[in-house]
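Visitor: Welcome me in, please, and walk me through this one.

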Amino acid sequence: MKSVSGIKEQESLRRRRERIIMAVAGFLVTLFCIIEYHLISKAGPLPVGSNILIFTVININILLMLTLCFLVIRNIVKLIFEDRGHMLGARLRTKIVAAFIFLSLLPTMLLFFVSLYFLQTSLGYWFDSKVASALESAVILGQGYYDEQGNAIKKNAHDLAKIVSRKCVNNESDMNISCLESLFSDSEIFFSEKKELTKNSFNSLEILNKRGEVIWSITRLPMLQPPPPLDKEELKAVLGDRQDKIRGSAIENGELIRAVVAVRGVKGEVAALLVLGRFLPQNISVPLDEVRKGYEEYYQFLLFQDPIKTTLVVTLFLITMLIIFVAIWFGIRLARGITEPVQMLADATYRIAQGDLDFSLEAHGKDELSGLVRAFNTMTRDLKEARGMAEDASRDLRKSYREIEHSRAYMEILLQSITTGVISIDIKGNVTTMNRFAAGLLDRKSEDTIGLHYSVLLDQRQAGEFEAIRKELSESGKGVLQRHIIMERNGKKLSLLVNFAVLKDQDERPLGVIIVFDDLTEIEKVQRMAAWREVARRIAHEVKNPLTPIKLSAQRLNKKYREKFSGQEQAVFVRCTETIIGQAEELKRLVDEFSRFARTPAPRLQPVDLTEMVRSVISIYMDNSQGILFQFESPPACPRLNLDPDQIKRAIINIVDNAMSVMPNGGTITMKILNDAIHKKIRLAVTDTGPGIKESEKNRLFEPYFSGKAGGTGLGLAITNSIMADHEGKVYLEKDKGPGATFIMEFQVKED
Amino acid sequence: MINFQHVRIRIYQLCFCACYAFALNLAPDHCSAVDTSTTAVEPVISDLSLQVSQNKLNVDFCLINAYDSEVEKILKSGAPLQIVYEIKCKTDGFLWDHEISSKQLVRNLYFDVIKGHYQVGFGFSTPRIINVKDFSEAAPLLFNITNTSLTSLDMLKDGRDYTVMVQATISRVSDIPLPFKPLVSIFSSWGITTDWNEISFRYKRTGIITKTP
């Protein structure tokens, strides 16, 4: 059984390929998105625009997305064309896809526009002018605090630099370290003239030489490490252009603001650098840093406002499109999942309607449609089994019908072939069956009689007889009746033994009558012939014995006593004895004929050339033809026949004698041999030119002791008939052939 | 084989030279990085020159028209500015050019709004930072590149022609937590790459013979 998936193999392969492309494209899009994000995030100092790799990846990604779009749009276009082409299931598929598009488009677009509105609003709130002014105020505050701290530390640094210059720098501009140590002893107030410079005024003090190296320092910072070194370039700048520097350095737990000033010698040259630092604790530095970060973020956000907006809108748009595409794709897939089994079922139904049951549908999944497909397969299988059984039954039925038909035909042949007449009549009196023999008796064709009422087939007398029989049959209750009927047909009387039987069904309800009749004419003829032979034999036996003594006695009387009479008495005596002798002779001849008739011996068959035999018969009559002209015709090649030559010659002579006897004034006897190769028969026709056979005599021609001529024994043709019957042939008078009579002797040609 | 990129660059150079000569007549400071004109002028590498010192080939050049109101606005917002100089020395080959040496110089500029000073950074990672009070101090550090050693003279062959190419990429670097930051970078068009400026020379043991300005 073929398995059918409802779709063509090529289409199935195309869809599988499409699914693979979709999956690969989707995977690659995701992968490239990750790569892009990674590359862009790690783009480093290079601008995005010049990063070929990123753009390559982006382009590939775009191509892949276009591929996805192409596949989705292709499916939509295909769907539209299928719908226009009125393909089965296309309308339902279109509706489902349209529903999916509508159901996905509506909320997605709503969400898109609401999100867009929220985006605009949020960005508006983000970059509110109040926030900007607050941030700027915070920055100004921070700047003010920082400047104040810077200016204060710078002023202190200048003051200290002047004191250090005055007290610890000699005329050669060298720094006296011991002086510095004594100067910054552990007293609370360093200098009487600068009482505001206390230990708490600064947290670090570093004296650097001209090379920027720390030569002396004191620190009171909340950390173990020394303060981070200052950039030498900046120190050079202080050394060079005599500018002060204020630098902030992030340190552990806070920030260190340091002022770098030059310590000058007597001549005003730079003797050293003094770096004075003040520590800003975290509770101050962190808020300041946060203010700075907040300000920076705000203004950078402001700078990135348009790109951010574009990015969010594009992202939102892409997500929206992705949702729509996914919805469309899912809709197409779902629609296919629904319509394809339906289409498959419709096609399959059509195929089943066409009589094709040698297939099954592929059922995937466990949903209701798959269940329907499986049920359909079960139905198809059951149908196939049922059809198989029906075909088997039909085959058996056909076989039985053929057998019955064969039997019926055989029975018909038998019925038609048997020499017994069969007629069936239904309960209404219509003929339902009539075989050929019966039809021949009624001088009709059997097919013409079917359906006719029996009364149509019979004359008034016969109909009356049949009615009487029918009544007797119905009244007797036996259901069977036998009658001997003499029927005249074509001037020939037929002796028939007729059996009437009532036909009944299984419930003993009468269906009609069947009439079977046997033609006893020939049987009776044979029986008559046998009886005549017996009579002839007994007559011959009983009569022949006393004839010889009668004849001898008459001859003795004639011889012994003739001389004793004279005159008229003698004449009477002689005439009487001669009459006795003559009649005894005649009686003897008659008895001999009887004897021959009764004692026809069994034929001794041998191959005989019939032509030669006929010629020899003719030659017998040639010397004493009595004015009869003999004509003889024979075919050039005549097969030899197995015959008893004596008996057949006797039979021919009997016919020729009869012919000569009916032509006392002469005539012509024509003898003709006819070879019927088709029916394998050879016929000898003996035709005379006599007066012919009377119609009343025709039926009795071959009966013993029937003679149409005076003095005839009536045994000639009977003997001929007997001889021909013994040779499995027959002799008959040909109908209505000219003025004379034509007897046909018909021989059967046997193969051997 | 004709190197079409070189042909294009040379055409640009001719155009640039013409414009440069014209600009010299107008502007006394020929290496100004600040664009004071109202019309937008593309930043270019100028004053590309070569020196030989201590067996090394040094490059001098400056970036002009790199600072405008847009850049100032970005700096004042606290976004760092980054300039990457790409310097290459190569010689013509049969199929493709042979690169003798390549170097990247990075300059970062950041304005601290609280402290009110600029920080100039040198290098990609853990850059050396110099604080300057105003942009006039930061500009030479950013735009004037001098005595940058490109390659050892031992790498050059006597009598052979070489080309030194310089290109600058100016971009802003932001570490603020932007939503969809990589995508924002795509849609943010701020990022400029100058054309390559190049100078050809023939190396001789006695010195170098510059072919193009």
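Guide: Gladly, and a definition comes first: two strands pair if DSSP finds at least two bridges between them, and helices (H or I, at least four residues) and strands (E, at least two) are DSSP runs numbered from the N terminus. This is a predicted model, where local features need pLDDT of at least 70, side-chain atom pairs count only at pLDDT 80 or more, and totals for chains, interfaces and linings use all residues. Residues are numbered from 1 along each chain as its sequence is written, chains are lettered from A and ligands numbered from 1 in the order in which they are written, and side-chain values use heavy atoms, with hydrogens and water left out.

Visitor: How many residues lie between S10(B) and S11(B) in their hairpin?

Guide: Strand S10 of chain B covers residues 197-204, and strand S11 of chain B covers residues 207-210. The two run antiparallel, joined by 4 bridges, and B:Phe201 has B:Thr210 in S11(B) as its bridge partner. Between the strands of this hairpin there are 2 residues.

Visitor: Which residue in S10(B) is the bridge partner of B:Val164?

Guide: S10(B) also pairs with strand S8 of chain B (residues 161-172), in the antiparallel sense and over 6 bridges. Buried means under 20% relative accessible area, exposed over 50% and partly exposed in between, with a 1.4 Å probe and protein chains only. Because 6 of its 8 residues are buried, S10(B) is largely enclosed by the rest of the structure. The partner of B:Val164 there is B:Ile199.

Visitor: Are the rings of B:Phe111 and B:Tyr118 stacked, edge-to-face or tilted?

Guide: Rings of Phe, Tyr and Trp (its six-membered ring) pair if their centres lie within 6.5 Å; planes under 30 degrees apart count as stacked, over 60 as edge-to-face and the rest as tilted. B:Phe111 is buried at 10% relative accessibility, and B:Tyr118 is buried at 4%. Their ring centres are 4.8 Å apart and the planes stand at 50°, so the pair is tilted.

Visitor: Which residue lies over the face of B:Phe111?

Guide: A charge sits over a ring if NZ of Lys or CZ of Arg is within 6 Å of the ring centre and within 35 degrees of the ring normal. B:Phe111 also belongs to a cluster linked by ring pairs, with B:Tyr67, B:Tyr118, B:Phe135 and B:Phe143. At 4.2 Å from the ring centre of B:Phe111 lies B:Lys76.

Visitor: Which strands stand at the edges of the open sheet in chain A?

Guide: This sheet has 5 strands in the order S9-S8-S12-S11-S10, with antiparallel pairing. Inside that order, 7 bridges join S8 (residues 420-426) to S12 (residues 510-519), and A:Gly421 stands opposite A:Phe517 in S12(A). Each edge strand has a single partner strand, so one side of each is left without a neighbour in the sheet. The edges are S9 (431-434) and S10 (480-489) of chain A.
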